[in-house]
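Hello,

Here is the structure I promised to pass on to you. Have a look at it first, and then read on for what turned up.

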Amino acid sequence: MLASTEFLPIINKFNILLADDDEADCLLFSDALAELPINVKLTIVSDGEALMTLLSKKAKKYPDVIFLDLNMPKKNGFTALGEIKRNNNFEKIPVIILTTADDPGKITQVYRDAAHYYIIKPKSFPELKRLIYKSLQIIADSGSSLPIKKHFLIQ
């Protein structure tokens, strides 16, 4: 992992699950993580159906955080989020929405559905890296507690 002087190391080790159907976005996410001073294990699935199947097979070894795209085939992020938050085994897993959708209605909907944070996919790689770092730092500091609405959107 390459450490960057602009980011302080995060002590926590993260088992991250990324659910996103866009291969290029998955590669950028992976590359951004690799440049951050964070010890991570990244698993990627391409739709909400695969996400729920993987979670169901984990048997108590769940991810520390899920980054979830909203627009995916088979089972979209809205449906997957609802299933995660209604399942006693998964409900405490922090879910960070990472999507291109910047619609205030969608942001409100996933906030009400108990997503932890919302990130609108940025246009630049350095900004993506900064937002991933910021979200993981928040999770490291606050765990699985839900934020108040004004802190929900990470910018």
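Let me start with Lys-74, which is exposed, with a relative accessible area of 67%. Please keep in mind that this is a predicted model. Lys-74 sits in the loop between strand 3 (65–68) and helix 3 (77–85), and its phi is positive, about 65°, although the residue is not a glycine.

There is another residue of this kind: Ala-114, also not a glycine, has a positive phi near 75°. You will find Ala-114 in the loop that runs between helix 4 (104–112) and strand 5 (117–120).

Now for strand 4, which covers residues 95–99. How many of its residues are buried? The count is 5 of 5, so the strand is mostly covered, given that buried means under 20% relative accessible area. Val-95, Ile-97 and Thr-99 point one way from strand 4, while Ile-96 and Leu-98 point the other way, and all of them are buried. In a regular strand, side chains alternate between the two faces of the sheet.

Strand 4 also has a partner in strand 3 and another in strand 5. With strand 3 it pairs in the parallel sense over 3 bridges, and Phe-67 has Ile-96 of strand 4 as its bridge partner. With strand 5 it is joined by 4 bridges, again running parallel, and here Ile-97 has Tyr-118 of strand 5 as its bridge partner.

The helices complete the picture. Strand 3, helix 3 and strand 4 form a right-handed β-α-β unit, and strand 4, helix 4 and strand 5 form a right-handed β-α-β unit too.

Best wishes

How values were computed: Residues are numbered from 1 along each chain as its sequence is written. This is a predicted model: local features need pLDDT of at least 70, side-chain atom pairs count only at pLDDT 80 or more; totals for chains, interfaces and linings use all residues. Side-chain values use heavy atoms; hydrogens and water are left out. Helices (H or I, at least four residues) and strands (E, at least two) are DSSP runs, numbered from the N terminus. Buried means under 20% relative accessible area, exposed over 50%, partly exposed in between (1.4 Å probe, protein chains only). Two strands pair if DSSP finds at least two bridges between them. A crossover is right-handed if, with the strands pointing away from the viewer, the path from the first strand over the helix to the second runs clockwise.
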